[in-house]
Amino acid sequence: MQKKLQNLMSLSKADYCDIRVEDTEITNISYRGRELEKMERKIQFGGCIRTLIGSGWGFISFNSLDNLEEKLRQAEDQARTINRVKKGQVQLAPAPVIIAEEKNDWGEDPRQISLKEKLELMQHYNNLILNTDSRVNSSRIVYFDHHTDWFFASSSGTYIYQEKGDIGGNLGAWASAGQERTYDAVTFGSNNDFSVARGHDEQVVAAARRAVEQLQAPTVRGGQYPVILDPEMAGLFVHEAFGHLSEADEIFDDKNLLQLMQPGTRYGPSFLNIYDSGREWGNRGASHYDDEGLPTQKTYLIQNGEVVGHLHSRESAARMETEPTGSARAMDYRFPPICRMRTTCIEPGLDTLEDMISGIDYGLYAIGGLGGETNGELFTFTATRGQMIRNGKLAEQVKNVTLTGNVFHTLNNIDSIGQDFAILNNAGGCGKFEQSPLPTSEGSPHIRVQNVIVGGEG
Amino acid sequence: MSLKKLLKPGEEGELLQKKSRQVTVNFQNNRLKKINSGEQKREILRLITGGQLGLAENTRPDSHGDLGRMARETALMGPRVDFAFPGPAPLEQPQVWDKQGAEMKLEDLIDPARDFVEKTSSYHSDLQATVQVNKVEKQVHLENSSGFKGEYFKSSFEVLLGVRLIEGQNMLETYSFLEHTHWDSINWELEIEDLLQKIDWGRQNVNLSPGNYPVIMTPATVGDILWPLEECLNGKAITRGLSPWQDQLGEQAISPQLTLINAGTLDRGAASKPFDREGTPCSSFPLLENGVFKNYILDLETAEKLGEKSNGCGGENGPGPANLLLEPGSETMEAMISDLEEGVLIAQTMGAWAGNPYGGQVSGNISLGYKIKNGRIQGRIKDAMFSLNVFKALKEKVSAVGKKRTWHGSMLLPALLLDEVNVSIKSQED
């Protein structure tokens, strides 16, 4: 493979050119209720060539490695077409020439576990969930594992092989009574260890019980509250509320955003620190190299409440006159790399959950994340469940908790950060443009945020 | 590769082969940014042996053997199924191939996109336009061991148009997403007019007190709140006992003003095709007629469980609707606005997809919404959320259905005026 890819790169007439080839094997298992829904094996094989000529990028993706030179020329033609109509020259930040081969640092390698064992484990969880209570009448079990051989060569002389893994699961319970339907789940994920799928017996039963308890809970009253976010919700919050804003390909072409995201700009209290890292091994999104062949790293986005960095590709780093951060990621061979997060975290602080709760007269505790979205200015995120806080104490449960905020203001409303810290993985992923789901993970302690808008009944 | 060679005696099977070719032109911040192209070929084999279903997919060329091996391996432990693959049947042939469009050159895709950028930036020099034009040509071939063999070609043009205006920390952004089988179905002028109208209305932010309001949902945002309906009409939710609507065919579910049709073979429909992913002929039928349940969304497996026949909604991940058409009413958008003393117009939402479909509760950020006062748009409301129970709202709170419908992806929708939608909003002193 090395020779084939490097030979091709030597034929390029572009200013810069790279090729990626990915060979991925996938196993999917899912249950819906008692019945096994799907057992699936997949091979996803393909490659792509990216070329830069003057101001233009060309990109072509394919399944077959035949006629690669013809494909290279097509990508060059695309780049030339842009270069003809667009002034300027795309600069790339310098990158080291790397020749490397990186195996994944496996704990339990899912390829060594039989399909039967994986299936029986999921079936076991499914039975536990469905036998918890007669009101638990359905379930949603999802398991997947991906193994990828990833090859990369560039016209600068870099050639890298890396082995990548991605494992994820969702063990969810649905409870029903009359017209009410409620849901709770346990999730897991890793870039290198099947054992994260094991040992969830007690947790799945607890999740099923919570789904049943939620049946009685009223929908939260809409309004503006002080809110405590558990680590999972806080992780979702940091991802949506600040992570996406830090992706530099969104920033560098827009002079207003560039101004808003200048290093030194204050976005949060002085005790707020946020980073993104590609080297949190064991978590979804970790890898040695990004999809431009650059080493990944830990990058602080906010330190002491101020902007200190962004997530860069080589192009965005050159435009913003800084170093690339190994954040150029593509979902798979069908897509060019763009600036993306990996494991995004709020660093732990000094407070305890008890102190946070006791400091609230009337507020909300939002627990477990179902998903979120941002449009660059506003964001939303939805909790699995909620609990009201009254007079400094946890009170009744509520459901259908969706929160919203403004990316430029909400971090400033954080007034307490916990000592606890957990990185959470699940079976979902992050979406940006048409590339979804990309494996990511999030870490945070409990945090408290003032004046959060909550949707709900009047 | 033929199916015959993949199967062993006693096995039933189905081979789906999908080839696609696409070109994407992308303008960001008013400038031509990217040209991408791609070719893909996928083969998906479903195999039934001993009553158990295996599933495998492959994109690696020249490795067909893997497909049979993987499908057989999964079938050993796969789900028990009772359905049989369908045999040959007469098929309708909707118009989904744009011969002229398919022959379009790269420049033909770039020109209208550039024109969009020029028109929007000449309207206001600080407007930043995003345009993505994606031209896709697909060839789908399906055959099974019951004797079905079918093939169709389909073109599609997916166009994302957006404009953004940033003033200080205030961001005003509006977009539309179009998907058409034929290039000449795209009305660029109308889209520009609509986007600029939404920008004009949103230049000024205004205050609104939290509370319950009559709310006009534009056709696009009606699409954002219909998903719990789709989920609850889906055969999967019915057979799992999750849908609150099982055993309710023939019952009045929502307002008699609303009729929702699954249109599988509509000419030029973005989701139209002659047969579904399982070889069942596609057709058109009502899901809800004057608010009464008429049909569920079924594939082979869910139909078999319910003792019915698949209605051609088989997809790669279980049953799914084709084109969804909500029948129009009689009210114009202008009349809906001018009739309101105080209310809200929701033009874009965000995050409304997250949550629990079977309870019907939908909450989302009003990422673009306007306050209406005394029959006029007053300005934009920000930092606001809407929340409603879709089942209840569509049953009890529909006060008008729009006359004009527009396409949003594969949904053709009118606007709706709903009473008493809860709006939470940032209090004015913060």
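Which residues does Glu247(A) touch, not counting residues up to four places away in sequence? They are Leu311(A), Cys339(A), Arg340(A), Met341(A) and Lys432(A), where contact means heavy atoms within 4.5 Å. The model is predicted: local features need pLDDT of at least 70, side-chain atom pairs count only at pLDDT 80 or more, and totals for chains, interfaces and linings use all residues. Residues are numbered from 1 along each chain as its sequence is written, chains are lettered from A and ligands numbered from 1 in the order in which they are written, and side-chain values use heavy atoms, with hydrogens and water left out.

View 1. Helices (H or I, at least four residues) and strands (E, at least two) are DSSP runs, numbered from the N terminus. Glu247(A) counts as buried, at 1% relative accessibility. Buried means under 20% relative accessible area, exposed over 50%, and partly exposed in between (1.4 Å probe, protein chains only). From C-alpha to C-alpha, Glu247(A) and Leu301(A) are 9.9 Å apart in space and 54 residues apart in sequence.

**View 2. Helices α4(B) and α5(B).** The axes of α4 (residues 106-123) and α5 (residues 188-202) of chain B come within 11 Å and cross at roughly 30 degrees. That makes α4(B) roughly parallel to α5(B). Axes are lines fitted to C-alpha atoms, for helices over the stretch in contact, and angles run from 0 to 180 degrees between N-to-C directions. Angles under 35 degrees count as roughly parallel, over 145 as roughly antiparallel, 65 to 115 as roughly perpendicular and the rest as oblique. Residues of α4(B) in the contact include Pro112(B), Phe116(B) and Tyr123(B), and those of α5(B) include Trp188(B), Ile192(B) and Leu196(B). By class, the contact of α4(B) with α5(B) has eight nonpolar, one polar and three charged residues. Ala, Val, Leu, Ile, Met, Phe, Trp, Tyr, Cys and Pro count as nonpolar, Asp, Glu, Lys and Arg as charged, and the others, Gly among them, as polar.

**View 3. Helices α3(A) and α4(A).** The axes of α3(A) and α4 (residues 201-214) of chain A come within 8 Å, crossing at roughly 35 degrees. His124(A), Tyr125(A), Leu128(A) and Ile129(A) of α3(A) make the contact with Asp201(A), Val204(A), Val205(A) and Ala208(A) of α4(A). Six of these residues are nonpolar, one is polar and one is charged.

**View 4. The largest nonpolar core.** Of its 56 residues, Leu229(B), Phe386(B), Leu394(B) and Leu418(B) touch the most other members. Strand β19 (residues 411-425) of chain B gives the largest share of this core, seven residues. Such a core is a set of buried Ala, Val, Leu, Ile, Met, Phe, Trp, Tyr and Cys residues joined through side-chain atoms within 4.5 Å. Leaving aside neighbours within four places in sequence, Leu418(B) is in contact with residues including Tyr213(B), Met217(B), Ile225(B) and Leu388(B).

**View 5. Backbone features at Phe433(A), Pro437(A) and Arg268(B).** Phe433(A) has phi near 50 degrees, a positive value in a residue other than glycine. This residue is found in the loop between β21 (430-432) and β22 of chain A. Pro437(A) is in strand β22 (residues 435-438) of chain A, and the peptide bond from Ser436(A) to Pro437(A) is cis, with omega near 0 degrees. In chain B, Arg268(B) has a positive phi near 65 degrees. Arg268(B) is partly exposed, with a relative accessible area of 31%.
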